Amino acid sequence: MELNSRLRTGVRTQPPEEIAKAFVEFFKSKRQQSRPLEDLQAQHALATFEHLQKIARDGEGDFLSSEEIRLALSGLTFMSKHYKTHVQLARALFAELQKRWETSASQEDGDQERRGQQSKSLMSYLAVLSQSGSTLHARELVELHWENCLKDYRASPWPIILRGFMREKNPDELQKTVDIMQKYSIPFDQKAHQVITTYFAAQEEDMEMTKNWYGHPIASGKSPTVHTDIEVLKLCIKRNELNWGDKIFKSLLDRDKEDLAAWKMIFQWAAAKGKGVDEIEHMMQVMVDRSRESGKELRPDVSIINSLIWLANSKDDPYTAERYLALGQRWDVQPDANTYMLQLDYRLKVGDIGGARTAYARLQGEEIRDQEDLPFVSKLIVALCDQKPQNYDAIMGLVEDLSERNVRFEPETVIALSRLHLQREEMDDLVDLLNTHVFHFGFDQRASIRNVLLDHCLHYKTTDSRAWDTYNILRRVFSETDVPTRTKLMQNFFQRGRSDMATHVFGHMRQQQDKSLRPTVSTYAQCLSGLGQASDLPSLEIVHNMIKLDNQIEPDTQLYNALMLGYSGCGEGERALGFWQDIMHSREGPSYASIQIALRSCESAPFGDKDARDIWSKLQRFEVEVTREIYAAYVGALARHRLFDECVSLIDNAQKDLGYKADALLIGTFYNASPGLDNKANVKEWAWKSYPEAYEDLLKLGQYERVKLNEEGEEEESFGPRERFFNIGPIGRDAKA
């Protein structure tokens, strides 16, 4: 990450030896932990490898050995999700290995060892391709390299290809692969049958596909394996296909009565068919008696009890799950970690958080492998965070337990804890949580966590200072946050009346090294418009200067419109009209919004009534269609300069000249633009007499007071009644750039 940051900013990078060492250590760690490479990490790894390749091409030598490149390639096989960058990185690594193989192909010494290394690397590459939607290409590579290295390799590549087409749900190519295998004298045996059938059974999506492949003929007329039967029967239970599964179940009974795994399935099937706990107990006794007669002592073990608890759990039946737990105790079966995890799960499903905590306490006394309990403990933490009132000590106790085990939290856990820390205003704890766990996640997971902070910033109950603190955490931890999200934050601070904070948000966008995260013309326009509404002239001038210095921004009509809105909103109508001249002389020319905004700018410009008349005469000369909003804006420009009689004449003649009936927008613009209480009183009196219906509609929109602030941001003391305005912005008074 540090290297890529330096590459983006043009800063001198670390020595290549250090970069190569970090690259290798990273993939060693991934390999040891069997952790998938997230998309963000893959992007950094790809940029690092390309940087090292560039140095090697410049003649400084190879800093990664072939074995280290193979290590990185094998690390890509742990894919939790298909990402484009993983494939790009795999292609780059494999291409480099191929180049080195070709260089060493002329050397006879170690030829067998080289083929073995080539096969090993090729297997890893095939695994990446088959997991990323490129199985067809993977199969082509298998056929290309079958004779020279893959045929005699200790592991077969064909299961990789089969699984790839299964993931892609491509039955035609799957069957074609089976045919190709037979061409190379590889029979469709029990193992191949098991690979395909159990895969579809595990997916739980396509029952018909599972049925078709279960019935596919197996070489030498053999039957499916016991494992295949068990997995298919599990699917039948989940999908309620018990009638179809009866035949498989009977064959399982006939084939193996001394396999405990088979008995486990027998008990599950019986329970699924409606047998009660007492009947299951009787069946267990029959199993024990039969095993004694055959000389093999079989007894129910914890895996059988757990499978029954799992079945009850899948049916949301905690009462039966508890009875199965008691059944195990009657057979002297001691619960194990899996038992308590299942108990924790079904307790949470019914909202019994106290019972779930008890199960967790018992779980702590058991040996847990490969962090199997993490999903269940994560659910418990999330449930405790959602509980009202929250048991903070219990939550932190669980968090500390996981932290002591150096466990990586799941995204849902980080989301729940982030909300908790935000609610309790524990910003330091929030930063520690995010810095510890977020960098492990991919973009989608990071976005889900970031949205928690975003929602907190945007919530109307969040104070300005707390929203600002949360925003700063968001921008530092989630530097990849896109422009629309940052713009939403900027707009929120404008809505809060904090144009200073909004300007800082915009400034942070301008400072981004990644060009895709810098503000666009639309972003500039929204910022300028917001500053105009806030009447924040100093900040407006700062952003205006940013435009002049930004060589990626080409001013257009939208930007000029926004500059007019900004300066007119700050009372600088004359400066605003300068941008109207820029629009008039531009190739793009004015839009309807430009005309409306220019007329609004005339309100605050010295002798603006003359500018307004000039604009109006041009509209008539060029026969431009005048919209209701433009007509109202012209009325407002004249009203602002106390031309009462002209405004009355325009409104009276609106129906005759343009077909616009006097309405709330025209009357409201006339009222709002008229300066001072006396002028507003005259407009009110005239409107009541001349257009009572329109004035009634205007009253329904409501009024507001415009409060003036001093340099310290405090409200200026008012003497007498404040000036009031009608809320006509939403019906056409306000224009957007």
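A salt bridge here is a side-chain nitrogen of Lys or Arg within 4 Å of a carboxyl oxygen of Asp or Glu. Keep that handy, and remember that you're working with a predicted model.

**Exercise 1. Work out what joins E143 to K183, and which parts of the chain the pair links.**

Step 1: Check the distance. The side chains of E143 and K183 come to 3.4 Å, N to O, and the cut-off is 4 Å, so the pair counts as a salt bridge.

Step 2: E143 belongs to helix 7 and K183 to helix 9 (residues 171-183). They are 40 residues apart, and the pair links distant parts of the chain.

Step 3: Look at the cover. E143 is partly exposed at 29% relative accessibility, while K183 is exposed at 55%.

**Exercise 2. How many salt bridges does the rule give, and what do the pairs D246 with K273 and E603 with R733 tie together?**

Step 1: Get the total. The count comes to 38 salt bridges.

Step 2: Take D246 and K273. Their closest N and O atoms are 3.1 Å apart. D246 lies in helix 13 (residues 242-255) and K273 in the loop between helix 14 (260-272) and helix 15 (277-293), so this bridge ties together parts that are 27 residues apart in sequence. K273 itself is partly exposed, at 41% relative accessible area.

Step 3: Now E603 and R733. Here the closest N and O atoms are 2.9 Å apart. E603 is in helix 32 (residues 592-604), R733 is in the segment after strand 2 (724-726), and 130 residues separate them. Are these two buried or exposed? Both are buried.

**Exercise 3. Decide how the rings of Y560 and F579 are arranged.**

Step 1: Know what to look for. A pair of aromatic rings is described by the distance of the centres and the angle of the planes. The structure holds 29 such aromatic pairs.

Step 2: Read off the values. For Y560 and F579, the centres are 6.5 Å apart and the planes make an angle of 25°. Planes under 30 degrees apart count as stacked, so this pair is stacked.

Step 3: Find the rings in the chain. Y560 sits in helix 30 (residues 557-569) and F579 in helix 31 (residues 573-584), 19 residues apart.

Step 4: Check burial. The cut-off for buried is under 20%. Y560 has 17% relative accessible area, so Y560 is buried. F579 has 11%, so F579 is buried too.

**Exercise 4. Which other residues have something to do with aromatic rings?**

Step 1: Look for a cluster. F23, F26, F27 and F49 form one.

Step 2: Look for charges over rings. R424 has its charged end over the ring of Y392, 3.5 Å from the ring centre. K680 does this with Y671, at 5.6 Å from the centre.

**Exercise 5. What does the side chain of T503 reach, and is T503 buried or exposed?**

Step 1: Locate T503 in helix 27 (residues 499-510).

Step 2: Follow the side chain. It reaches the backbone oxygen of S499 at 2.7 Å.

Step 3: Check the cover. T503 is buried, at 9% relative accessible area.

Technical notes: Residues numbered from 1 in each chain as written. Predicted model: local features only at pLDDT ≥ 70, side-chain atom pairs only at ≥ 80, totals over all residues. Heavy atoms only, no water. Phe/Tyr/Trp six-rings, centres within 6.5 Å; stacked < 30°, edge-to-face > 60°. Helix = DSSP H or I, 4+ residues; strand = E, 2+ residues; numbered from the N terminus. Buried < 20%, exposed > 50% of the residue type's maximum accessible area, 1.4 Å probe, protein only. Lys NZ or Arg CZ within 6 Å of the ring centre and 35° of its normal. Polar contact = N/O pair within 3.5 Å; in protein donor to acceptor, adjacent residues only side chain to side chain.
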